[in-house]
Amino acid sequence: MTPILNMHDINVTEFLKVLDTCEGNVFLVTRDGDRLNLKSKLSQLVGLTQLIEGGKIAEASLVCEKTSDESKLFRLNMFREVC
């Protein structure tokens, strides 16, 4: 798997839209080292509720199986651009 991608101050709605376009698995890595597969709607609910502050994701660490998915999430993180 590709390296961990640290995301900050992300709009939840836009983040979920990008996740739906990802081809491979995307894992949320918790501070304890647990990995939640964000392709699962249940894991999205469980994982993201712990990270949301004021309607935005405060901080998240992600691991993507595919580099194309990592690029999408990187663009969202850096440029607030949804592909």
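Leucine 42 is found in helix H2, residues 41-49; helices (H or I, at least four residues) and strands (E, at least two) are DSSP runs, numbered from the N terminus. The model is predicted, so local features need pLDDT of at least 70 and side-chain atom pairs count only at pLDDT 80 or more, while totals for chains, interfaces and linings use all residues. Residues are numbered from 1 along each chain as its sequence is written, and side-chain values use heavy atoms, with hydrogens and water left out.

Leucine 42 counts as exposed because its relative accessibility is 59%; buried means under 20% relative accessible area, exposed over 50%, and partly exposed in between (1.4 Å probe, protein chains only). Together with Leu45 and Val46, Leu42 forms a nonpolar patch on the surface with about 290 Å² of accessible area. Patches are made of residues with over 30% relative accessible area and no salt bridge, like charges being joined within 9 Å and nonpolar side chains (Val, Leu, Ile, Met, Phe, Trp, Tyr) within 5 Å. The areas come from the Shrake-Rupley method with a 1.4 Å probe, and for residues only the protein chains shown count as cover.

Isoleucine 10 lies in strand E1 and counts as buried because its relative accessibility is 1%. Leaving aside residues up to four places away in sequence, isoleucine 10 touches Phe15, Lys56, Ile57, Leu76, Asn77 and Arg80, where contact means heavy atoms within 4.5 Å. With the same exclusion, the contacts of isoleucine 57 include Ile10, Phe15, Leu48 and Leu51.

A search of the whole structure finds two salt bridges, each a side-chain nitrogen of Lys or Arg within 4 Å of a carboxyl oxygen of Asp or Glu. One joins lysine 17 and glutamate 14 at 3.7 Å, N to O; these residues are about one helical turn apart because they are three residues apart in helix H1. In the other, aspartate 20 pairs with lysine 41, the closest N and O atoms being 2.8 Å apart. Aspartate 20 lies in helix H1 and lysine 41 in helix H2, so this pair ties together parts 21 residues apart in sequence.
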